[in-house]
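Hello,

Here is the structure I said I would pass on to you. Please have a look at it, and then read my notes below.

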Amino acid sequence: MTHDGTFHTDAAAAAFALAKAGLPVFPCDGRPKPLAEQRYPDEPRKTPLTPHGFKDATADLDTVANWWRRFPEALPGVPMGVASDLFVADADIDRETGETAGEATLAALGITPANHMYCAPTRSGGWHFIFRWRKGLPGNSVKGLVGVDIRSEGGYVVAWAHEALIAAHEAADLKGPPSALLSALERAKDAGRRSDKGGRGGFKFDHVGCDPFFSAVKAAALANLGAWVPRIFPAADFQPGTGAWRVSSRVLGRGLQEDLSLHPDGIRDFGEEAPMTAIDVVMRWGGAATPLEAADWLCNALGIDPANKGQGARAGALVRAGDNDWPELVPLEGGDLPRLSPDMLGGWLGDYASALATSTETPFEMAACLTLGAASVAAARRVRVRVKPDYFEPCNLWLLPALAPGNRKSAVEKAAARPLRDWEREKAEAMASEIAVSASELEVAKGRSKELKAQAAKAKSDTEARDLARKAAEIESAAPEPPRPPQLWTSDATPENLGVLLSAHGERMAWLSAEGGFFEIVGGRYSKGVPNLDLMLKAHAGDAERVDRIGRAPVYLREPLLTVAMSPQPDLLRGLVAKPGFRGRGLLGRFLYFLPWSPLGWRSLDAEPTPEPAKAAYDSGLRSMLDWPEGYDRSGEPCPHVISLSPGAFEEWLSFAKRFEARMRPGGDFENATDWAGKAPGAAVRVAGVLHAADHSGGAPWMTDVPRETMERAIAFVEVSAAHALAAFRLMAADEGLAAAEQAWAWMRRRHKRSFVARDLWQGLKGSAAFATMADVSLALERLVERGYIAIARDGRGRPGRPASPTITVRPDLSADWD
């Protein structure tokens, strides 16, 4: 959608027209509900697509245009109350009979389409009656009129007929709701306060409490809150350890401390300080018009067959049988994530990474990251990439493939870094004689200086003492400092020592490790628990830094660059987002993450060794890169060579950068990971620079522009990492219950357990620390229910002294290919 009147959809055109009229709008989900939940054909979900729902509504044309470019099929929602000065009585139809129950209710109050100018039909066959809102009118939570919902302050409507809303908004003669309607709402509100059963807004539930079917449905709903609460409240928060869910007052559009609490022991609305049942909740917030409709909806969500209405006592034992009844699947971390391929690295780099992964029987992602990291070490010493005249990226990468112990991580890291170690050793051997001579000369100079200082101390005059002291200083300053053999990498250095290493070795250094000690060190291992991030962050970007040292002169760094390639255990990532500064200051957003599947248990253990030609080509390529000549600027100062992007490469990169920019918008998949996504375009340039350098390792890569094909490979690499990064951030924020859920799901997949009891899972995994008790099993199963992997049924039967073990059914589409 554009400002010149070009629209992708009718919904987009309506949204833009509303915004131009000054009405705030926001996008709502226009996809049809699951068939069993539809009250009329193709009934849309209508849930907000922005983080804060109707509170994000705006009439800003640029924002609206961006939203509908992102969600072209979204329906325009308009908030009621103070935001729009509008109040709507929504007359709905009766699902059971198809009659316009709400229209009849309002007609009895003198409100009809014939005598109220500002009204519009809805897609369900009902009506929106539009009035002027004023302070003091009933809020959005008021219910109680048969077939009528009130949309006021705290609520919104989907603008089925946007012209009517615009006309009402602009009308000078639009009046507030009539007194007959307000009086009826007040009576309904009073009736709701007197309800002994927790019914909302005057609905009478006395018959529900005594009917065995309704009792069974309510009990089943409390026993499996995760199956239905997120459907009504997508923003509900699960309370770990309690099995409870909480819907914040913000989500409900209320004042502070007016949350809705849904606990296995009961449901309570703190906004009205009243208990509720699951049927109450579905009627109030789920759109059900009758208790029977609400119970039927819960049956569908819980997997209970509504045909068994006379057998309520057995309802809780029934589970879902059809694929269509399952909620949307929320994948577990480390699931079927996209894979890297050797073609993305290309040439000798891809060949060796592939051969190394095959010979060690390890995931290609680990070998790819550690070999690419080694190439980054070499490239970062000599080259950088120019994207635009005023935008450069260095070639140091931060790579993190996380893998469980036992996966031969040390062997892969050792093989990937072998040429770097060999190059360091050979340089040190070649410089040994020169170092020895310089060390001897320095010792002689120190001896002469010491002798002159002793004479100065015994001098008979101040003039003689100053002259001797000056000569001693001249000798010391003229003495050559013994050269240090080049060092390329480390795996354990304090930030202070890292600053010294950078200063001594051309301001380039790498952190290569098969473990995750990096996070422990920057998290405060050597600084009494106080995070020390400054140098690490600046050495990623190449920003100047001063490293202060206790009792010694500070170290000044102009453009320090640190390459990082490490493979910690996935468990180390858990909880990293809670470390002070790790997420807030952008440390975690700098890594290219990979969470490969562990092959442990499926290895042949007799793989062929890495072919010598692949190993020789890898060694030769890295050595050539390490031996590139240093570059110099016009003043003769050392500086990196500059690699430019070809027009085709720049075009590919700009398209990629724009795509990622859109993914950070509200509703985008990187909405809550902008720290990572914001750096993804720069990471793609860095990867392209390293790949281009490796492709021209035997020559001068700065003499050739990066071609489109190389940028495409780099973008493909970062795109794969993007999916892994989202999983990694979820893992970092995850609790122990989710880790246990992953183990439980792995057990089900291995054993092909389509249906089993909870004790089977405990017996199968009780040797694991995550499953010490049945309470641990219950927590893992709760997480799997929340994510749509399984359904749980409790039949209430057990042996004396032992409660019944719940029966678990695996989602059919996930177990279809199990034997």
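Ala430 sits in helix 15 (residues 409-430); helices here are DSSP runs of H or I with at least four residues, strands are runs of E with at least two, and both are numbered from the N terminus. With a relative accessible area of 63%, Ala430 is exposed; that word stands for over 50%, buried for under 20%, and partly exposed for what lies in between (1.4 Å probe, protein chains only). Pro485 is 55 residues from Ala430 along the chain, and their C-alpha atoms are separated by 9.0 Å.

Before you go further, please note that this is a predicted model, in which local features need pLDDT of at least 70 and side-chain atom pairs count only at pLDDT 80 or more, while totals for chains, interfaces and linings use all residues. Residues are numbered from 1 along each chain as its sequence is written, and side-chain values use heavy atoms, with hydrogens and water left out.

Now for the chain as a whole. Its secondary structure comes to 30 helices and 27 strands, and buried residues make up 50% of its 819 residues. Of the contacts (heavy atoms within 4.5 Å) with a separation of 6 or more, 69% are between residues 24 or more positions apart.

Next, the cores. A nonpolar core is a set of buried Ala, Val, Leu, Ile, Met, Phe, Trp, Tyr and Cys residues joined through side-chain atoms within 4.5 Å. The largest one has 119 residues, and Phe518, Phe519, Leu562, Tyr593, Met625 and Trp676 have the most contacts inside it. Helix 26 (residues 708-732) gives the most to this core, with 14 residues. A second, separate core has 34 residues, including Phe54, Val157, Val158 and Ala168. Leaving aside residues up to four places away in sequence, Leu562 touches Asn396, Trp398, Leu498, Met509, Ala510, Trp511, Phe518, Met536 and Ala539.

A cavity is a set of points, on a 1 Å grid over the protein atoms alone, where a 1.4 Å probe fits but cannot get out; lining residues have an atom within 4 Å of a point. Val88, Ala120, His128, Ile130, Val158, Ala159, Trp160, Ala161, Ala164 and Leu165 line the largest cavity. Strand 5 (127-132) and helix 4 (162-170) are the elements that give two or more residues to this lining.

Helix 4 is also the place of His162, which is buried at a relative accessible area of 17%. His162 touches Ala14, Ala17 and Leu18, not counting residues up to four places away in sequence.

Last, helix 28 (residues 758-765). Its buried residues are Ala758, Leu761 and Leu765. Seen down the axis of helix 28, they fall within an arc of 60°, so they line one face of the helix; the arc is that of the directions from the helix axis to the C-beta atoms. Gln763 is found in helix 28 too, and counts as partly exposed at 45% relative accessibility.

Best wishes

Methods: 1 Å grid on protein atoms, 1.4 Å probe; cavity = no way out; pocket = protein on both sides within 12 Å on 5 of 7 lines; lining within 4 Å.
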